[in-house]
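Let's take a walk through this model together, starting with a pair of packed helices and ending at a single side chain.

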Amino acid sequence: NRASEIGHPCLKYLVLLRTKWDQLPLPSVQRLMIFRHGRIYEEVAKDYITKAGYEIVEQARPYEWRELKITGRIDFKIALNHKTVVPVEVKGLNPYDFQSIDTVEDFLQNKKHWIRKYPAQLTMYMLMDGTSELGLFFIINKVSFDFKPIWVHLDYTFGEELLKKVEAINKHVDAGTLPEGIDDIEVCSKCDFLTICLPEIKQNNELEIIVDEELEEIIRRCEEIKEIASEYEKLNRLWKQKIEGKEKLIVGDYLIVGKQIERKPYQVEGGTYWRYKVLPLKEVGK
């Protein structure tokens with residue numbers, strides 16, 4: 001059981017990590033580059049922290065909790081004084097996520113499930129370390145390399161929930177069983193075990209196949225530009241938050257004029273609607 005994965009929302013995924021790890025796809029070049037960048041952010045964090053006068057100790061220390069079959073490897077620890085040594089996890093975030101996270105609760109409430117995993121990871125390290133009830137997230141803006149220290153106090157209730165989750169994983173592994181998977185396409189569409197977990201998508205007798213080249217082209221184009229559109233929405237909200245309340249200002253080559261608008265209240269009538277998620281067939285498996 002990897003400490004970095006225990007916060008994943010799907011128990012079935014965590015069991016498959018133990019039993020079907022040999023069927024994981026090879027990491028893409030993009031993912032390998034993300035891992036490499038992670039090491040760069042770690043070095044930047046060490047530089048900031050040592051220049052602030054703190055001593056870095058126990059770099060890349062491995063942890064193992066044999067009874068519960070938990071392993072992990074922390075980035076490093078810092079000595080606050082002669083008695084207190086604190087485990088540190090470095091995370092590089094895009095500008096929008098960096099701006100929106102200031103507390104542990106912000107991690108836990110984030111829309112991205114991989115960001116919601118982070119508090120569980122550091123909590124497990126604090127439990128396995130056993131020397132400090134304090135931990136530190138050192139988050140770095142991937143674009144500006146600005147940084148934030150976010151201190152974490154050990155939450156024993158949260159830690160107990162994680163340990164019960166680990167015990168459930170171990171029971172399934174020992175019994176050779178699989179729990180039910182979650183029903184969240186946002187998580188499932190990015191899962192490395194998608195082809196193992198969801199073969200029924202192709203076997204569903206009610207699955208309808210539509211031959212419509214125009215519809216297919218529209219969907220394809222939407223998929224091509226959705227990341228750009230998403231980035232635009234995030235950055236558009238971010239710069240407006242930074243200048244909210246200002247009427248006229250110049251930023252570099254831009255003149256910005258603001259006006260306060262009164263939003264009229266309205267009530268939306270009740271009813272039903274369809275929500276869709278597009279999942280490329282190549283991600284479902286063959």
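Which residues in H6 meet which residues in H7? On the H6 side they are Pro-119, Ala-120, Thr-123, Met-124 and Leu-127, and their partners in H7 are Phe-158, Gly-159, Leu-162 and Leu-163. By class, this contact has seven nonpolar, two polar and no charged residues. Keep in mind that the model is a predicted one.

Two packed helices are described by the angle between their axes and the distance between the axes. Here, H6 (residues 118-129) and H7 (residues 156-175) pack at about 95°, with axes 10 Å apart. Angles of 65 to 115 degrees count as roughly perpendicular, and H6 and H7 are therefore roughly perpendicular to each other.

Now follow H7 itself. Its 20 residues reach 28 Å from the first C-alpha to the last, close to the 28 Å expected at 1.5 Å a residue. At its start, a side-chain oxygen of Asp-155 comes to within 3.0 Å of the backbone nitrogen of Thr-157. After H7 comes Gly-176, with a positive phi near 70°. The buried residues of H7 include Val-166, Ile-169, Asn-170 and His-172. Besides H6, the buried residues of H7 pack against helix H1 (11-19), strand E2 (62-65), strand E3 (70-73) and helix H4 (104-108).

Our last stop is Glu-89, in strand E5 (residues 85-93). Is Glu-89 buried or exposed? At 2% relative accessibility, Glu-89 counts as buried. The side chains of Glu-89 and Gln-121 are joined by a polar contact of 3.3 Å. Glu-89 also touches other residues, among them Arg-73, Leu-122, Tyr-125 and Phe-137.

Technical notes. Residues are numbered from 1 along each chain as its sequence is written. This is a predicted model: local features need pLDDT of at least 70, side-chain atom pairs count only at pLDDT 80 or more; totals for chains, interfaces and linings use all residues. Side-chain values use heavy atoms; hydrogens and water are left out. Axes are lines fitted to C-alpha atoms, for helices over the stretch in contact, and angles run from 0 to 180 degrees between N-to-C directions. Helices (H or I, at least four residues) and strands (E, at least two) are DSSP runs, numbered from the N terminus. Angles under 35 degrees count as roughly parallel, over 145 as roughly antiparallel, 65 to 115 as roughly perpendicular and the rest as oblique. Contact means heavy atoms within 4.5 Å. Ala, Val, Leu, Ile, Met, Phe, Trp, Tyr, Cys and Pro count as nonpolar, Asp, Glu, Lys and Arg as charged, and the others, Gly among them, as polar. The expected span of a helix is 1.5 Å times one less than its number of residues. Buried means under 20% relative accessible area, exposed over 50%, partly exposed in between (1.4 Å probe, protein chains only). A polar contact is a pair of N or O atoms within 3.5 Å; within protein, one must be able to donate a hydrogen and the other to accept it, and residues adjacent in sequence count only if both atoms are side-chain atoms. Lists of a residue's contacts leave out its neighbours within four places in sequence.
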